[in-house]
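Hi,

Here is the structure I promised to pass on. Have a look first, and then read my notes below.

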Amino acid sequence: MFEMGAETMGLPLAEKMEFEQGDDGQSPGYKAAGFTMTDEYGSLDTIEFLNVSKDDALAYPSVIHRTYPSTVNARMNSTIKPFVEKSLEINYTFLSIFEKKLALPPGALLGRHSIEDISGSEARCLRSPLNRDPQAKDKVALGAHTDFGSLSFLHNRLGGLQVFPPGVETWQYVRPLPGHAVCNIGDALTLFSGGILRSNLHRVVPPPSVQAAHERYSIVFFTRPGNDVLLRALADESELIKEALEKMVPEERKKFEPGATARKWFTRRNKNERTKNRTGPETWRASRGMEYKPEVI
Ligand SMILES: O=C(O)CCC(=O)C(=O)O
Ligand SMILES: [Fe+2]
């Protein structure tokens with residue numbers, strides 16, 4: 001996957017731009033550096049990435065959402081499809097454990113992430129450019145966000161990922177460990193679990209210290225619910241989730257009934273992060289998820 005990423009990012013920009021995501025909130029495809037905002041002031045990101053939809057990878061050579069660069073097609077069957085299948089298998093294991101821990105009936109989460117359902121699930125390769133400008137070391141490369149879906153499975157080799165866990169006052173680096181992956185909970189699982197599972201705020205900054213001399217690549221798989229799945233707390237399927245909601249003040253509880261399908265939630269977030277769609281601070285605010293903390297950004 002890292003080889004595929006390096007080859008794809010190494011293509012001329014004009015060629016990558018033929019596969020650009022577009023400004024209407026669609027996720028599959030290429031996102032050039034600067035095409036999303038990192039804060040409400042409209043600061044630009046410095047990361048480029050390519051998303052390959054799980055539906056396109058599994059159906060290849062049939063096209064479900066869109067087509068991809070030749071470097072992706074060349075590895076679709078040998079590398080990307082097995083990566084998607086393995087990532088799904090691992091994330092399904094997590095989901096079945098969460099079903100038990102949340103006192104949900106078997107299938108309550110798994111059934112909402114069926115492999116057959118058309119969804120926003122996708123593999124992503126990201127590249128941060130090498131930047132020797134000393135000013136660049138403080139520049140946010142990918143703005144603070146919570147992931148949109150249920151589970152993200154992230155492979156990093158250099159530092160730069162930072163998290164803002166509850167109970168701390170500053171961003172914390174996540175040190176990459178050989179043979180390990182980072183697993184993030186996203187908004188959909190926060191919603192399904194009535195807030196028992198929390199989607200963590202994270203961002204990417206340039207690699208720290210001597211690591212800044214290297215180009216940073218990362219690979220992620222995002223497991224997201226089927227497009228038509230309604231995002232809501234599953235209080236009618238679990239006493240535990242029902243109790244969690246009952247403890248909330250009405251304003252907080254309302255956040256767990258956003259009245260959006262998975263597709264609507266992701267489209268809103270993607271679309272309002274795009275630089276071209278900015279009308280003012282309200283655009284970026286409209287892109288926010290379940291852990292929106294304006295004071296830390
Ligand atoms: O590159 C990373 O370490 C994190 C990327 C990320 O958070 C994302 O793509 O959602
Ligand atoms: Fe993320």
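Which residue lies over the face of Trp-265? Arg-268 does, at 4.5 Å from the ring centre. A charge sits over a ring if NZ of Lys or CZ of Arg is within 6 Å of the ring centre and within 35 degrees of the ring normal. Arg-224 has its charged end over the ring of Phe-266, 5.4 Å from the centre.

Before the rest, some ground rules. This is a predicted model, where local features need pLDDT of at least 70 and side-chain atom pairs count only at pLDDT 80 or more, while totals for chains, interfaces and linings use all residues. Residues are numbered from 1 along each chain as its sequence is written, chains are lettered from A and ligands numbered from 1 in the order in which they are written, and side-chain values use heavy atoms, with hydrogens and water left out.

Now the metal. The iron ion (ligand 2) is held by His-145 (NE2), Asp-147 (OD) and His-202 (NE2), at 2.1 Å. Donors are N, O and S atoms within 2.8 Å of the metal (3.2 Å for Na, K and Ca); water is not among the atoms, so sites may look incomplete. Along the sequence, the donor residues of the iron ion (ligand 2) follow the spacing H-x1-D-x54-H. His-145 is in strand β4 and His-202 in strand β9 (residues 202–204), so the pair ties together parts 57 residues apart in sequence. Helices (H or I, at least four residues) and strands (E, at least two) are DSSP runs, numbered from the N terminus. His-202 counts as buried at 4% relative accessibility; buried means under 20% relative accessible area, exposed over 50%, partly exposed in between (1.4 Å probe, protein chains only).

On to the aromatic pairs. Rings of Phe, Tyr and Trp (its six-membered ring) pair if their centres lie within 6.5 Å; planes under 30 degrees apart count as stacked, over 60 as edge-to-face and the rest as tilted. That rule gives three aromatic pairs. One of them is edge-to-face: Phe-83 with Phe-221, 6.4 Å centre to centre and 80° between the planes. Phe-83 is in helix α5 (residues 76–101) and Phe-221 in strand β10 (residues 216–223), 138 residues apart. Both Phe-83 and Phe-221 are buried. Phe-148 and Phe-266 are stacked, with 6.2 Å between centres and 15° between planes.

Last, a backbone detail: a cis peptide bond joins Tyr-60 and Pro-61, with omega about 10°.

Cheers
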